[in-house]
Amino acid sequence: MSHSLFYLLSFITLFFALLVVFAKNPIHSALYMVMTFFAITCQYLILNAQFLAIVNFIVYMGAIMVLILFSIMFLNLNQATEPQKSSLLKFAGVISAGLLMLTLVGAILKTGGGDVPFELIKPDIGLVKNLGKVLFNEFLLPFEIASVLLLSAMVGAVLLAKKDIN
Amino acid sequence: MNSLTNRKKVLESKQMNFWERIYLPAIINGLSITMKHFFKKRTTVYYPEEKRSFSENFRGLHSLKRDENGAERCTACGLCALSCPAEAITMTAAERKPGEEHLYREEKYASVYEINMLRCIFCGFCEEACPKAAIYLDGDIAKAGYIRDEFIFGKDKLTEPVIK
Amino acid sequence: MDIAFIIEKLILISAILGISLVIAMYTTLAERKFAGFFQDRVGPNRAGPWGLLQPLADGVKLFTKEEIIPTHASTFLFVLGPSLSMFTACITTAVIPWGQDLFLFGRQISLQVADINVGVLYVFGVVSLGVYGVMIGGWASNNKFSLLAAVRSASQNISYEIAMGLSIIALLMMTGTLSLREISEQQSGMNWNVFYQPLGFLIFMICSFAETNRTPFDLPECETELVGGHHTEYSSMKLGFYLFAEYINMFVSSAIMASLYFGGYNYPFMHLISNPNIAALIGVAVFFTKILLFIFFFIWVRWTVPRFRYDQLMKLGWKVLIPLAIVNIALTGTGILIFGK
């Protein structure tokens, strides 16, 4: 049951992810990305990671994509005003994307992929209570550092948005 | 500069105090005011079912009057049409035949008398101009309609019914 | 998963959907009727006795009106907008506990569609999706007023979601659970959360006014500046869906406020009633009474307080509500440290 569900969801995820890239209209592209995130949320759910699923739902689908849509709506994206990228930039893009793909494939091969169905070692780890305990006991320091990182990003954004500092 | 009246009000913009700035007391005050109105007696008059009485000098639809014998008073002198600022009144005069004395009071009468209610502004000048006290604006409110022709009132609609 | 379970859930889902649609329908009438009362008028009274058939008449009118899709609008998204609004408004009811368990035909029937252990977060997720309906509809209309309304509602919803989430963190620190059923059960008797979290409740309520786009925060459909807001180009039942979704949202957020802060289906002296079925049914009635009182409050505020200016709205959200919510978290933390749970 969950096996075939996984393949269905993976297909949906990849399908919409491809549409994100190939869609002509940036708004459509963003909406396809929402669908991709939704499929990923469902993937988290079949992994029994309810908290991650719902946070992915709220933060990525509900907040970040709304902000992306928000900023796209402000841009004037006509073909005439779109600057053409130079071929050097395109070449660099292809190389970096290829390197990323190489890393991913390498990582998958390293973890010993194959056709063994995935099995959770601790199936309850994704529940809110267990996740909270792990985050605030074993990984307290990285958690706090991450929050400081976010705070500094926020302060930086405010500083950039303010025109005159004095 | 001295003001001519004592109604002058000097505007002052005071700094708001803490309670005014948090805005919540003002909202609660407003809510209590609307709640008072919620339980107030409604002043609505349910129009087609119940009607308010007209005031004494209300001017409604026109009516052409008859005398005490039931004969029409109008003599088609045209003074009403002349005085009408909206030019809403037209009429055609005719001579009274022998044997029609019980119908028309004078020797001359209006065979056609029309008022265009789309033009009429209900000013009451016709009433004042009439030397025979033949026209009064003592009727109801003019009704709405869908066809323009409905608004041209002839003698059939204007003349007062005979009192038996 | 046996057949009886599926049938039971199906009946429950259709009942809840039906009830929420009927309540939303009559909220439209109540809004107009009460607006009249607040202004010393009588409100609609022609369709049926006391105007009770008015919502039906409105529905028939909206269904039979001409359907217009602007030439330069993107058709699919134009239709998707109102459908999304309606959909997200309806699915929040899944996690609300409507009452205690019933015992019928030897089965224990739960009056909640799904008791997931992240219920509160689920509500947040769906609320944050709600803005897509307005945004997509506003963008697809190809009209600058609709677009401005879409942008406005996006920034408004995101800003107030933060304050809403922070206000609820203080509540969660006290309850220690994310499941709406457990939160309701903890408030049995008169042990309502609003007595422990008055500030949190105030912030939550203000935010839910903003999230449901109700006056004084109805800037996405601000007539004085934006013609009709995000539904300027909409006609017929698609417009009806947008307007109707607002009323369903009102019902749902009333239900959430009632179950989070006002004891849900709990009422005093509940344990004195020996028959569990009767106790549960009274609980459902009490819960709906609370919801209707909240809906009345929504209407009452709408006909009292004028609309905010947009900069005032943003200032209130970011500079007042968020700091207040953080202070509330700190206060709650201190309270828990001193008094225990």
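No contact joins chain A and chain B; their closest C-alpha atoms lie 26 Å apart. By contact I mean two residues whose C-beta atoms, placed from the backbone, lie within 7 Å.

Housekeeping next. This is a predicted model, where local features need pLDDT of at least 70, side-chain atom pairs count only at pLDDT 80 or more, and totals for chains, interfaces and linings use all residues. Residues are numbered from 1 along each chain as its sequence is written, while chains are lettered from A and ligands numbered from 1 in the order in which they are written.

Back to the chains. There are 2 pairs of chains in contact, and chains A and C share the most contacts. On that interface, 19 residues of chain C are in contact with 16 residues of chain A. H4(C) gives the largest share of chain C's side, 9 residues. The chain C side divides into 15 nonpolar, 4 polar and no charged residues. For the classes, Ala, Val, Leu, Ile, Met, Phe, Trp, Tyr, Cys and Pro count as nonpolar, Asp, Glu, Lys and Arg as charged, and the others, Gly among them, as polar.

Now the other pair. Here 10 residues of chain B are in contact with 10 residues of chain C. Chain B's side has 3 nonpolar, 5 polar and 2 charged residues.

Let's go inside chain C. Helices (H or I, at least four residues) and strands (E, at least two) are DSSP runs, numbered from the N terminus.

Start with H3, residues 75-91, and H9, residues 236-261, of chain C. Their axes come within 8 Å and cross at roughly 20 degrees. Axes are lines fitted to C-alpha atoms, for helices over the stretch in contact, and angles run from 0 to 180 degrees between N-to-C directions. So H3(C) is roughly parallel to H9(C). The crossing of H3(C) with H9(C) is left-handed. Left-handed means the near helix is turned anticlockwise from the far one by less than a right angle; right-handed means clockwise. Residues making the contact include Met86(C) on H3(C) and Phe241(C) on H9(C). By class, that contact has 10 nonpolar, 3 polar and 1 charged residues.

Which residues of H3(C) are buried? Phe78(C), Gly81(C), Pro82(C), Leu84(C), Ser85(C), Thr88(C) and Ala89(C). Buried means 20 or more other C-beta atoms within 10 Å of a residue's own, exposed 12 or fewer, and partly exposed in between, with C-beta atoms placed from the backbone. Their cover includes H4 and H9 of chain C.

H9(C) also packs on H10(C). That angle is about 120 degrees, with the axes 8 Å apart. The two helices are therefore oblique to each other. This crossing is right-handed. Among the residues that meet are Phe251(C) in H9(C) and Phe294(C) in H10(C). The contact divides into 10 nonpolar, 1 polar and 1 charged residues.

H10(C) itself has 27 residues and reaches 39 Å from first C-alpha to last, close to the 39 Å expected. The expected span is 1.5 Å times one less than the number of residues. Its buried residues pack against H1, S1 and H9 of chain C.

Buried or partly exposed? Partly exposed, because Ile282(C) has 16 C-beta neighbours inside 10 Å. Beyond four places in sequence, Ile282(C) is in contact with Tyr267(C) and Ile273(C).

Terms used: Angles under 35 degrees count as roughly parallel, over 145 as roughly antiparallel, 65 to 115 as roughly perpendicular and the rest as oblique.
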